[in-house]
Amino acid sequence: MVAQVPGLIDWHCHLLPGIDDGPATVDEAIEMAKYLAKAGYNTVYCTPHLIKGSYEADNDAVRAALNALQAELKNQQTELKLFSGREYYLDEFLPSFLKNPIPLGETSFLMLEIPDHIPQKYVREICYRIKASGYIPMIAHPERWAHLEPSKQK
């Protein structure tokens, strides 16, 4: 008897068309989704950037883009389950965005992108606020955050 291997999960994907620096068109998004499905993924968390002044699509636009893409994938018989989320940029505007956040699907995870210039004290404060509001911070691209380098830890 061969054991069934569950499909792969992509927890952080810029798949929604026209929302951020991901695909510009629905056709590009469909092509990307088909590659993901072919590679063995069955679940994708669509996590577009939310950065004041750069990528500011509101939550309704994100959900609408996700629903439209999911419907088109179903029409094309592409087996890929999409969930909404955001990649929140940790800056002075983040607290206002956290008043009505989109966690990753049905989880309590909120994805954060932490730029290097943000002091560790502020990162700790924001993560505390996130935890106090019932969510769990999830760091996007921890390998990029210089404060996690052993030589920079204090």
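Predicted model: local features only at pLDDT ≥ 70, side-chain atom pairs only at ≥ 80, totals over all residues.
Local features need pLDDT of at least 70 and side-chain atom pairs count only at pLDDT 80 or more, while totals for chains, interfaces and linings use all residues. Residues are numbered from 1 along each chain as its sequence is written, and side-chain values use heavy atoms, with hydrogens and water left out.

Strand β2 (residues 41-46) runs parallel to β4, with four bridges; pairing takes at least two DSSP bridges between two strands. V44 has L82 as its bridge partner in β4.

Now for the rings. There are three aromatic pairs in the structure, counting rings of Phe, Tyr and Trp (its six-membered ring) with centres within 6.5 Å; planes under 30 degrees apart are stacked, over 60 edge-to-face and the rest tilted. W11 and F109 pair edge-to-face, at 6.3 Å between centres and 85° between planes. Here W11 sits in strand β1 and F109 in strand β6, 98 residues apart. Y45 and F83 are stacked because their planes are at 20°, with centres 5.1 Å apart. Ring pairs join W11, Y45, F83 and F109 into a cluster.

K81 also puts its charged end over the ring of F83, 5.3 Å from the centre; this requires NZ of Lys or CZ of Arg within 6 Å of the ring centre and within 35 degrees of the ring normal.

Methods: Helix = DSSP H or I, 4+ residues; strand = E, 2+ residues; numbered from the N terminus.
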